Amino acid sequence: MPRQRIPKVLMALAGLAAAATATTQASAEEVNVYSYRQPELVEPLFAKFTEASGIAVNVVFLKTGMIERLQSEGSRSPADVVLTVDISRLNAIVEAGVTQSVQSDALEAAVPANLRDPDGHWFGLTARARIVYASKDRVADGDVTTYEDLASEAWAGRLCTRSGTHPYNLALISALTLHHDEEFASGWLEGLKSNLARKPQGNDRAQVKAIHAGECDISLGNTYYMGLMVRNDEQKAWADSVRIVFPTFEGGGTHVNLSGVAMTKSAPNKANALALMEFLASAEGQEIYAEVNHEYPITPGVPTSDLVDSWGTFDFDSLDLIDIAKARPGSLRLVETVDFDG
């Protein structure tokens, strides 16, 4: 049977179609993100970035194992950018060798020097304070003043908190250790444990729910959760039952931590990754963070939202965040030694 010949015109059309497909694929702009941040906190930012730049943002939301995943994927990793919370996590990602240094005039202008890695491996994006949620009905103004006082017998059976091994609490314990010493921090943890109304459990919002239910009177939590609860029909009653109190360390300020961003070592879309990082630190990106996430912008001149303003003002503690990150292993050891979660 004779072989059929494909007409030259069809071959030409097929070639044009293939070329068009290749061109479309080559022009498709994207950036890939691994995120420890919750979807509702970052998706509005990504949508605005895509609208402004035309660059699609593909996100993998993770709860654990980011470093292990990046190490396993190695140079084949599709991730361009990582978003995470807590200075110890930012520091751990850098120490794991899965990030690269970024040089950017825009980032250096937007992010204060004390809120970014000196070698450009990570940049802070927002700040949040670790505060006390106090029952409006059962805790008077002025009853809570310092973190140290939370271990006093006055709070016996009245305190709720999430796990002592959670990064948010470990950072607070690390700061307390740096303000005092490990012996003091160990005694403080023992006192805190004896004041618990129940075993550590749940997240920060679960503690406010427990206050609303009368299970405890005070809890530790991050400021931005108040904003999330106020805008949630089911959780608004929890928020209405408490007030935010800004404790300080003796001789210090209120404990503050960060969310931050870093570029991965493999970053296949490096230019797009940098564009996203610069947008997140820009005035426009910071305003979205302030309004949607109820966090404190780190870019000078960007105001907080009206809701955040209504919570009051406080003085940031002056401890170096890198020092807090490096103290994390010792803090974890203390938590395990006193069996805080047991």
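The model is predicted. Strand 4, residues 123–135, has 13 of its 13 residues buried, so the rest of the structure largely encloses it. The salt bridges come to 13, the aromatic pairs to six, and the disulfides to one.

**Strand 4 and its partners**

- Strand 4 is largely enclosed by the rest of the structure, because 13 of its 13 residues are buried.
- Strand 4 runs antiparallel to strand 8, residues 256–263, and six bridges join the two. A129 has V256 of strand 8 as its bridge partner.
- Strand 6, residues 218–222, pairs with strand 4 over five bridges, in the antiparallel sense. Here I131 stands opposite G221.
- Strand 7, residues 242–245, is joined to strand 4 by four bridges, and these two strands also run antiparallel. The bridge partner of A134 in strand 7 is R243.
- Strand 9 pairs with strand 4 over two bridges, again in the antiparallel sense. T126 has P297 of strand 9 as its bridge partner.

**Salt bridges**

- The count of salt bridges is 13.
- R37 and E295 form one of them, with 3.0 Å from N to O. R37 sits in the loop between strand 1 (30–35) and helix 2 (39–53), and E295 in the loop between helix 12 (283–293) and strand 9 (296–297), so the pair ties together parts 258 residues apart in sequence.
- R37 and E295 are both buried.
- E291 forms a salt bridge with R231, and their closest N and O atoms are 3.2 Å apart. This pair links distant parts of the chain: E291 belongs to helix 12, while R231 lies in the loop between helix 9 (224–230) and helix 10 (236–240), 60 residues apart.
- E291 is partly exposed, with a relative accessible area of 40%.
- K236 and D240 meet in a salt bridge through their side chains, at 3.0 Å from N to O. Both residues lie in helix 10, four residues apart, which is about one turn of the helix.
- An α-helix has 3.6 residues a turn, so residues three or four places apart point the same way.
- K236 is partly exposed, at a relative accessible area of 38%. D240 is partly exposed too, with a relative accessible area of 38%.

**The disulfide**

- A search of the whole structure finds one disulfide. C160 and C216 form this link, with their sulfur atoms 2.2 Å apart.
- The link of C160 and C216 is left-handed, with -115 degrees about the S-S bond.
- C160 and C216 are both buried.

**Helix 15**

- Helix 15 spans residues 328–337, and its buried residues include G330, S331, L334 and V335. Seen down the helix axis, the buried residues fall within an arc of 140 degrees, so they line one face of helix 15.
- Those buried residues pack against helix 6 (167–179) and helix 7 (182–194).
- P329, E336 and T337 are exposed on the other side of helix 15.
- D339 follows helix 15 and has a positive phi, near 55 degrees.

**Aromatic rings**

- The aromatic pairs number six. Y296 and F314 form an edge-to-face pair, with 5.4 Å centre to centre and 80 degrees between the planes.
- The pair of Y296 and F314 links distant parts of the chain, 18 residues apart. Y296 is in strand 9, and F314 is in the loop between helix 13 (306–309) and helix 14 (321–326).
- Y296 is buried, because its relative accessible area of 8% is under 20%. F314 is buried as well, with a relative accessible area of 14%.
- F246, Y296, F314 and F316 form one aromatic cluster.

Key:
Residues are numbered from 1 along each chain as its sequence is written. This is a predicted model: local features need pLDDT of at least 70, side-chain atom pairs count only at pLDDT 80 or more; totals for chains, interfaces and linings use all residues. Side-chain values use heavy atoms; hydrogens and water are left out. A salt bridge is a side-chain nitrogen of Lys or Arg within 4 Å of a carboxyl oxygen of Asp or Glu. Buried means under 20% relative accessible area, exposed over 50%, partly exposed in between (1.4 Å probe, protein chains only). Two strands pair if DSSP finds at least two bridges between them. A disulfide is a pair of cysteine sulfur atoms within 2.5 Å. The arc is that of the directions from the helix axis to the C-beta atoms. Contact means heavy atoms within 4.5 Å. Rings of Phe, Tyr and Trp (its six-membered ring) pair if their centres lie within 6.5 Å; planes under 30 degrees apart count as stacked, over 60 as edge-to-face and the rest as tilted.
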